[in-house]
Amino acid sequence: MGDEAIRPTTASINPLMADLKPRRTAAPNDYCDFCLGDAVKNKKTNKPELLISCADCGRSGHPTCLQFTPSLTGVVLQYRWQCIECKSCGICGTSDNDDQLLFCDDGDRGFHMFCLNPPMQQPPEGRWSCKLCLRSQ
């Protein structure tokens, strides 16, 4: 099985997605895709900094290179984070209709506007937080 591990996904929590198979977590890259530094040295700040890795493809980035706040970094370390290239809807699990995906400003999760309850017709102006993040505040 190598470095991959099976993690629970939305499918294991949401009964509407029960037919989806659990996803494997990709082996993380040991360098930042933005500055090409590693956990020992962020090449932009010349300081050590942890790497956050996409669960789907393994691409990694320093929180400062990803422009994540300390609060956002704390949140994304608690779940199966996806990079912008792999981001899928936290409700239906697909990345179809990516022009309809909203990204939570407090947790960086993606959601289709039409999957939300109630659905949104237009993206909100300014900041937007998903129900998961609003509940945890």
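User: Is Tyr31 buried, partly exposed or exposed, and what is its relative accessibility?

Analyst: Keep in mind that this is a predicted model. A residue counts as buried under 20% relative accessible area and as exposed over 50%. Tyr31 has 37% relative accessibility, so it counts as partly exposed.

User: Where is Tyr31 found, and which residues does it touch beyond those up to four places away in sequence?

Analyst: Tyr31 is in the loop between strand E2 (24-25) and strand E3 (52-53). Leaving out residues up to four places away in sequence, it touches Leu36, Gly37, Asp38, Leu51 and Ser60. Gly61 is 30 residues from Tyr31 along the chain, and their C-alpha atoms are separated by 7.2 Å.

User: How many helices and strands does the protein chain have?

Analyst: The protein chain has three helices and six strands. Along the sequence they follow the pattern β-α-β-β-β-α-β-β-α.

User: What share of the residues counts as buried?

Analyst: The chain has 137 residues, and 36% of them count as buried. The accessible surface comes to about 8,800 Å², with 53% of that belonging to carbon and sulfur atoms.

User: What share of the contacts comes from residues 24 or more positions apart?

Analyst: Among contacts with a separation of 6 or more, residues 24 or more positions apart account for 41%.

User: Which side chain makes a polar contact with that of Asp108, and what else does Asp108 touch?

Analyst: The side chains of Asp108 and Trp81 are joined by a polar contact of 2.7 Å. Not counting residues up to four places away in sequence, the residues that Asp108 touches include Phe68, Leu72, Val76 and Lys87.

User: How many disulfides are there?

Analyst: The test is the distance between two cysteine sulfur atoms, which must be within 2.5 Å. By this rule the count is zero. Cys54 is in no disulfide, as the nearest cysteine sulfur, that of Cys57, is 3.7 Å away. Cys54 is buried, with a relative accessible area of 1%. Cys130 is likewise in no disulfide; its nearest cysteine sulfur belongs to Cys104, 3.7 Å away. Cys130 counts as buried at 3% relative accessibility.

User: Now the backbone. Which residues does a cis peptide bond join?

Analyst: The omega angle is the value to read here. A cis peptide bond joins Asn117 and Pro118, with omega about 0°. Pro118 lies in the loop between E6 and helix H3 (131-136).

User: What is phi of Gln67, and where is this residue?

Analyst: Phi of Gln67 is near 60°, a positive value in a residue other than glycine. The loop between strand E4 (60-61) and helix H2 (70-76) holds Gln67. With a relative accessible area of 72%, Gln67 is exposed.

User: And what is phi of Asn97?

Analyst: For Asn97, phi is near 55°, again a positive value in a residue other than glycine. Asn97 is found in the loop between H2 and E5. Its relative accessible area is 45%, so Asn97 is partly exposed.

How values were computed. Residues are numbered from 1 along each chain as its sequence is written. This is a predicted model: local features need pLDDT of at least 70, side-chain atom pairs count only at pLDDT 80 or more; totals for chains, interfaces and linings use all residues. Side-chain values use heavy atoms; hydrogens and water are left out. Helices (H or I, at least four residues) and strands (E, at least two) are DSSP runs, numbered from the N terminus. Buried means under 20% relative accessible area, exposed over 50%, partly exposed in between (1.4 Å probe, protein chains only). Contact means heavy atoms within 4.5 Å. Accessible areas come from the Shrake-Rupley method with a 1.4 Å probe; for residues, only the protein chains shown count as cover. A polar contact is a pair of N or O atoms within 3.5 Å; within protein, one must be able to donate a hydrogen and the other to accept it, and residues adjacent in sequence count only if both atoms are side-chain atoms.
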